[in-house]
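Please read this briefing alongside the sequence and the 3D view.

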Amino acid sequence: MIVLVINCGSSSIKYQLYEMPGKKVLARGLAEKVGEESSFLTHRRDDEKFEIAKPIPNHKIGIELILSCLTDASMGVLKNVKEIGAVGHRVVHGGERYSDAMRIDQDVLSCIEECCDLAPLHNPPNLIGIHECRNALPGVPMVAVFDTAFHQTLPRRAYMYALPYETYERYRIRKYGFHGTSHAYITHRAAEMLGKPVGGVNLVTCHLGNGCSMAAVRGGKSVDTTMGFTPLAGLVMGTRSGDIDPAIIPFLMSKPEYSKVAEIDKMLNKKSGLLGVSGASNDMRNLTEAARKDGENSRAQLAIDMFCYRVKSYIGQYMAVLGKADAICFTGGIGENSPHIRKQATDGLDLFGVVMDNEKNESQRGKEMDISMAGSKVKILVIPTDEEGWIAEETYTHVK
Ligand code: ADP
């Protein structure tokens, strides 16, 4: 079966075409700056790359352009769009309703719409992507794979905030958690690497990319996670603050430059994190380079130290939550590629039975590997994430 995976953002559409089962990638690409004059699409087939600079005034035209690339005589991989057997959509928020992927019907569409209030930047474009695909591919089954679903197994004591209970009843304020497709995929791969059934693994999974989150996984199920009501909570991220004292917000709002909700929101989401502390960059590669040049008292080094300290603190917290862990897993652009950050974030955890093999840690980039010392009670695994592949698998499972 041919499965198309669509990740529709407000101004971008990411796509990947798979042959299932087996997850063979036939083609992939990205439409960028949808709605702007300078919009373009990058389409890839094997090692070939095609740049298509065309106006993409809206998502409808974007989806049509993607389908025409997939069937194009020179750069396509299909004869006809009718070969597409199913479409999997990444949907950010499924609220409290969905703990699994769902075949899309009117009920599921209504729920995604209801959750727009909880994810106003993400669910509306996700919905547009679903509508446009349904129009372009009538009759083709579609599946929604939710970022929040994997964390729906959190116990009440972990997902509730100690706010007046009515804020939960009235506004559904609670921890939802995100990056669920990545944490779910990592959990399954880690179980395979450890030679255990998924239901038998306890893990601390660390997704460290531009956005960062961790999860405590007991018996293959998420029991706690660092992101919260929104993806702003938890770890220090590229431009997001992660955890702060909530009293900072009303304090800053009493100052003229932060008096508006939109300004505070922008400051916390776009101007904080690695960028805000270093004043230089949100990109870990640039920061590592800057810290090397400017020394250990530089703000770049401070940002790196804060990043690693927060990861380490949560590893400790989650080891306490789990009691016993089989492995700590690293993924995401930073987790997969930076031995230095992995080392700093796990340094001194021998106490918990976590011992890194420094040589293995340095040996390869972006590959699945066990980088713990032989005999380390808790393994340290590097597992490149595959969110699109996971969506394809979930989609295939739900329609086959
Ligand atoms: P996103 O969350 O947008 O998908 P990625 O998972 O691609 O982001 O992660 C981006 C982050 O990964 C950036 O901070 C980038 O600097 C970092 N990164 C990528 N390669 C390396 C590397 N070799 N060393 C350190 N950091 C890296």
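In which loop does Lys-33 lie? Lys-33 is found in the loop between E3 and E4, where helices (H or I, at least four residues) and strands (E, at least two) are DSSP runs, numbered from the N terminus. The model is a predicted one, in which local features need pLDDT of at least 70 and side-chain atom pairs count only at pLDDT 80 or more, while totals for chains, interfaces and linings use all residues. Residues are numbered from 1 along each chain as its sequence is written, and side-chain values use heavy atoms, with hydrogens and water left out.

**The ligand and its surroundings**

- The shell around the ligand consists of Gly-209, Asn-210, Gly-211, Asp-283, Met-284, Arg-285, Gly-332, Gly-333, Ile-334, Asn-337 and Ser-338, a residue being near a molecule if one of its heavy atoms lies within 4 Å of it.
- By class, this shell has two nonpolar, seven polar and two charged residues; Ala, Val, Leu, Ile, Met, Phe, Trp, Tyr, Cys and Pro count as nonpolar, Asp, Glu, Lys and Arg as charged, and the others, Gly among them, as polar.
- Helix H10 (284-294) and helix H12 (332-337) each supply at least two residues of the shell, and the largest share, four residues, comes from H12.
- A polar side-chain atom of Asp-283 lies 2.4 Å from an oxygen atom of the ligand, whereas for Met-284 a backbone N or O atom lies 3.0 Å from a ligand oxygen atom, and for Gly-333 a backbone N or O atom lies 2.9 Å from a ligand oxygen atom.
- Taken alone, the ligand exposes 580 Å², and the protein buries 68% of that, with accessible areas coming from the Shrake-Rupley method with a 1.4 Å probe.

**The eight-stranded sheet**

- Eight strands form an open sheet with mixed pairing, in the order E5-E4-E3-E2-E1-E6-E8-E7, and two strands pair if DSSP finds at least two bridges between them.
- The edge strands of this sheet, each pairing on one side only, are E5 (48-52) and E7 (102-103).
- Strand E6 (residues 84-91) and strand E8 (residues 142-146) pair in the parallel sense over five bridges, and Gly-88 stands opposite Val-143 in E8.
- Strand E4 (residues 40-45) pairs with E5 in the antiparallel sense, also over five bridges, with Leu-41 opposite Ile-52 in E5.
- E4 and E5 form a hairpin with two residues between them, and Asp-46 in the turn has a positive phi of about 50°.

**The six-stranded sheet**

- Six strands form an open sheet in the order E11-E10-E9-E12-E14-E13, and here the pairing is mixed.
- Strand E11 (221-225) and strand E13 (369-370) are the edge strands, each of which pairs on one side only.
- Strand E9 (residues 203-208) and strand E10 (residues 212-218) run antiparallel and are joined by six bridges, and Cys-206 stands opposite Met-214 in E10.

**Backbone details in the loops**

- Most residues other than glycine have a negative phi, and most peptide bonds are trans.
- Lys-33 has a positive phi of about 55° although it is not a glycine.
- A cis peptide bond, with omega of about -10°, joins Met-20 and Pro-21, and Pro-21 has its place in the loop between strand E2 (13-19) and strand E3 (24-32).

How values were computed
A polar contact is a pair of N or O atoms within 3.5 Å; within protein, one must be able to donate a hydrogen and the other to accept it, and residues adjacent in sequence count only if both atoms are side-chain atoms.
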